[in-house]
Amino acid sequence: MNRRTPTLRYAAFAAIATVVNITTQNSVLQLGDASDLLALAMIVGTIAGLLTKYLLDKLWIFYDQEIGLKSDGWKFSLYTAVGGLTTIISWSAEAASWTIWGTEVMRDVGAFVGLTIGYMVRFQLDKRFVFSDRQGRIAP
């Protein structure tokens, strides 16, 4: 595998998780007034994207084959904690876009931009803190 393969795969998985996140948000927003449901939509979308991205990253980016409640519980907890910073980035971009332009299209653009920046930061944090071996290296 050449050096670009993991980067391309990570970008593809980030795109998949982004689509899951935004699609889930839009599904929640169909339940009523977007202004009233935006916070709930962002939370539900974030959870859906987080679960999707964790599984994809675990198995096909960091090649983590360890399975078990204890191991996955700990890693998912770290993954979620690391995601706190990236969530602030993505939610801020989405909320700012909604506040500034007030349109669904620009809200989605803000979500996309925020998620893209967040995933770039997240990879570095996951590599160093979540899916590293004892010496701080990524699994093969």
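**Surface patch and salt bridges**

Leu40, Ile43, Val44, Ile47, Leu51 and Trp91 form a nonpolar patch on the surface, and their accessible area together is about 490 Å². The model is predicted, so local features need pLDDT of at least 70 and side-chain atom pairs count only at pLDDT 80 or more, while totals for chains, interfaces and linings use all residues. Residues are numbered from 1 along each chain as its sequence is written, and side-chain values use heavy atoms, with hydrogens and water left out.

Patches are made of residues with over 30% relative accessible area and no salt bridge; like charges are joined within 9 Å, and nonpolar side chains (Val, Leu, Ile, Met, Phe, Trp, Tyr) within 5 Å. Accessible areas come from the Shrake-Rupley method with a 1.4 Å probe, and for residues only the protein chains shown count as cover. Helix 2 (residues 34–60) gives the most to the nonpolar patch, with 5 residues. Helices (H or I, at least four residues) and strands (E, at least two) are DSSP runs, numbered from the N terminus. Ile43 lies in helix 2. This residue has a relative accessible area of 41% and is therefore partly exposed, a class between buried (under 20%) and exposed (over 50%), with a 1.4 Å probe and protein chains only.

Side chains of opposite charge can pair when their charged atoms come close. The structure holds 8 salt bridges, each defined as a side-chain nitrogen of Lys or Arg within 4 Å of a carboxyl oxygen of Asp or Glu. In one of them, the side chains of Lys58 and Asp64 meet at 3.4 Å, N to O. Lys58 is buried, with a relative accessible area of 3%, and Asp64 is buried at 9%.

Asp64 also forms a salt bridge with Lys75, where the closest N and O atoms are 2.5 Å apart. This pair links distant parts of the chain, with Lys75 in helix 3 (residues 69–101) and Asp64 in the loop between helix 2 and helix 3, 11 residues apart. Lys75 has a relative accessible area of 12% and is buried.

A further salt bridge joins Glu94 and Arg107, whose closest N and O atoms are 3.9 Å apart. Here too the pair links distant parts of the chain: Glu94 is in helix 3 and Arg107 in helix 4 (residues 104–130), 13 residues apart. Both Glu94 and Arg107 are buried.
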